[in-house]
Structures are given as C-alpha cells and as structure tokens.
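Okay, quick one from me today.

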Amino acid sequence: MKLAIAISGGGALGIGPLQFMRRLEADLGMSLADAGFAFAGTSTGSIVAAGLCSGMSAAQLYDLYKNNLKAIFTKVSAARILTKNYYRYDNANLKKLLQQNFRYKMYEFKKPIYIPATFMNGDSVEKVWDRGDGMTDQWFAVLSSCSAPTYFEPVSRTKNGVKEIYCDGGMWSNDPIMVLESGLNKVPEFKGNYKILSFNTGMRHPNKAPDDMSIIGWGKYILEEWVARTGRSGFFQAQANIGKENVYRVVPEVDKKYAMDDLTIIDKVSDIWDKLYDEIGAEVLAFVRSTMTEATATAKVAAKVAADTAATKATAQKATTDKVKTTKAKTAKVKKAAKAPAKKAANKSVKKSAKKPAKKSKKHK
C-alpha cells in the first residue's frame with residue numbers, strides 16, 4: 001500500500017497541520033515527503049502539498065509559514081472596497097514566495113500531485129492542476145489555488161491567445177480528498193493500492209445559523225461557513241470507496257470558528273494541533289507505518305521474484321552453455337575420429353613406400 005496525503009484549505013491556519021506533521025516526522029524518523037507517494041492540496045493546502053511533493057520537510061514548511069505569514073497578509077487600501085475589484089490583501093509577496101520555492105514546471109514533480117483551482121472563464125469551473133499540465137509553472141498552479149475571493153485577487157495568464165482567469169480551489173473543493181482519490185484511480189500502480197491521510201486545516205467547529213440574513217449576510221455565511229469549510233461528505237465517500245481502514249482524517253475539535261487571516265492566533269492554532277498529536281499521534285504513526293510495512297513487504301516479494309527470475313535465467317544460461325560445450329566436445333571427437341583412419345592410411349602408405357627397394361640404374365647392369 002502507498003501513502004497519499006490530502007490537505008484542505010484554511011489560509012494562515014495551515015500552520016496547524018504543519019505542526020502536527022513535523023512531530024509525526026520526528027517520531028517516524030523520516031519526512032512525509034519520502035513516506036508519501038502522492039499529494040493533494042487546496043488553497044493553503046496546495047502550498048503544503050507542493051512543498052512535500054518537492055521534497056521539503058514539514059519542519060521546513062512550518063518555518064516557511066512562520067517567517068512569511070505577516071508579509072503574505074499585507075493589507076491593501078481600505079478604499080478598495082468601493083471598487084469593482086475588491087480584495088483585502090496584496091498577493092505580491094505570496095507570489096514572490098511561491099516563485100522562489102516552486103521554480104519548475106508541473107511535469108517536473110516527481111510524484112503525483114493534484115491542486116484544485118476554479119477556472120472562472122473556462123468550459124468547466126473545476127480545474128485540477130497535475131503533472132499532465134506540463135509546462136505550466138508550479139508556482140502559478142499553487143497561486144491560483146490560493147486566490148480566495150475577497151482575500152486575494154484572481155490570477156490570470158494568456159494561453160494560445162486566450163486570457164484564462166483563476167481563483168481559489170476552495171470554491172468547489174476545499175477538501176481535496178475526492179480529487180486525490182479520483183486522480184489516483186487513474187494511475188495503475190495506485191489503483192486499489194493506497195491509503196489516504198487527510199488533514200482538515202480549518203478544524204471542526206459547531207454549526208451556527210447566520211444572525212444576518214440580508215444578501216450581504218448570506219454571502220458572508222456561504223463564503224466563510226461553506227465554501228471555505230471542510231465538510232465530511234468527501235471523507236465519507238472516500239471511506240466508502242476504498243475502505244474505512246484506508247482513510248484517516250486528522251482534525252481537531254474546537255468550540256468556535258478561527259478566522260483564516262487572523263495572525264494573532266497562529267501560536268494558539270499551533271498549540272491546538274500540538275495537543276491533538278499528544279492525543280492521536282500514536283494512531284496516525286501506526287497508520288503511516290502500516291503503508292511502509294506493506295510497501296516493504298511488497299518490495300521484498302518483488303525482490304524475491306526478481307532474484308528467483310535472475311537465478312532461473314542464470315541456471316538456464318548455464319545449462320545452455322554446458323550444452324554448447326558438450327556439443328562442441330562431441331563434434332570435436334567425431335571430427336577427430338573421422339580424421340584417424342585417413343591419418344592411419346597415410347602413415348601406412350608412407351611406411352610401404354619406404355620398404356620398396358630403389359630401382360637400379362641401367363648403367364650398372
């Protein structure tokens with residue numbers, strides 16, 4: 001079995017799962033980048049997924065968040081709320097950070113990766129960036145998935161003379177677990193041969209009906225409570241499809257909602273996930289190790305089969321070589337036997353000629 005990792009969206013709250021992951025890596029004795037065989041992430045989760053898929057450790061990604069969140073959430077002028085292109089934060093620093101860390105093309109990811117984004121003017125709004133997107137920049141795929149409406153402005157590019165506009169993948173798949181499952185089912189080596197470790201970045205909190213049911217109130221409620229929320233439907237579907245024992249969701253239970261752009265609570269969020277690791281870390285560690293044990297067992301079987309095949313080939317080759325040597329020896333013996341009478345006859349002829357007296361010359365008669 002192979003380990004696949006999914007991380008949902010949640011803005012600055014993404015530091016929480018990274019705290020859990022870095023403790024998991026410490027106990028595991030290896031990075032999740034090495035333990036995992038496939039990754040999926042939406043919005044902030046796409047940064048984590050791309051980082052792991054690029055070989056970064058959770059500890060490195062944790063520091064990346066810790067050191068850059070303030071710059072990432074740089075506010076724009078409040079007057080922008082009066083324009084037709086409203087967003088709260090300038091994405092320039094986020095873009096720069098992604099360009100520095102994800103400099104390659106999508107096809108250059110060494111392992112399967114799936115990054116949901118919303119294709120605002122495409123034939124289908126559901127866009128999933130993966131290795132099949134070839135020459136698309138990795139940083140662009142991640143930035144598009146992170147462009148949450150009202151938080152960051154949408155991103156665009158021109159392809160084949162057509163302008164494409166993208167925004168956050170959380171608009172339709174804040175939890176990328178089903179995107180991950182769908183993608184892996186198309187990869188022969190993964191079909192029926194993987195487990196999913198899923199992280200709910202936004203955490204689970206009580207449902208609450210909106211107090212403000214005006215058009216603005218409903219808009220805020222839908223965006224913040226449902227679009228940016230990681231529900232459980234995808235989790236249940238994944239369990240039904242690949243088995244309950246093959247899906248593990250890591251999610252803290254909290255008593256209230258935490259804003260995904262409130263940088264004053266980052267340490268608190270990190271502590272929440274740290275406490276969660278104290279509670280369930282052993283279970284998650286066992287889940288991850290089960291994929292490694294099975295992978296090791298599969299590798300051993302494969303190695304034995306390869307060794308047996310090599311031995312069989314070697315035996316067959318030796319038998320063929322011995323047969324050739326035997327045939328050559330027999331052929332040489334036959335040739336030698338065939339030459340013997342001729343040689344004997346020749347020797348006899350020579351001896352007979354030597355016994356004959358020489359004819360006398362007529363002079364001596």
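This is a predicted model: local features need pLDDT of at least 70, side-chain atom pairs count only at pLDDT 80 or more; totals for chains, interfaces and linings use all residues.

So, how far apart are the end C-alpha atoms of helix H1, residues 15–28? They're 20 Å apart, and that agrees with the 20 Å that its 14 residues should span at 1.5 Å a residue. The expected span here is 1.5 Å times one less than the number of residues. Helices are DSSP runs of H or I with at least four residues, strands are runs of E with at least two, and both are numbered from the N terminus.

Residues are numbered from 1 along each chain as its sequence is written, and side-chain values use heavy atoms, with hydrogens and water left out.

Back to H1. Ten of its 14 residues are buried, so the helix is largely enclosed by the rest of the structure. Buried means under 20% relative accessible area, exposed is over 50%, and partly exposed is in between, with a 1.4 Å probe and protein chains only. Among the buried ones are Phe20, Met21 and Glu25. Just after H1, Gly29 has a positive phi of about 80 degrees.

Now the rings. The whole structure has 14 aromatic pairs. Rings of Phe, Tyr and Trp (its six-membered ring) pair if their centres lie within 6.5 Å; planes under 30 degrees apart are stacked, over 60 edge-to-face, and the rest tilted. Take Trp129 and Phe140: centres 6.0 Å apart, planes at 85 degrees, so that's edge-to-face. Trp129 sits in strand S4 (residues 126–129) and Phe140 in helix H6 (residues 138–145), eleven residues apart. Both Trp129 and Phe140 are buried.

Trp129 also pairs with Tyr166, this time tilted, at 5.1 Å centre to centre and 50 degrees between the planes. Tyr166 is in strand S6 (residues 162–168), so this pair ties together parts 37 residues apart in sequence. Relative accessible area is 0% for Trp129, and Tyr166 comes in at 1%, so it counts as buried.
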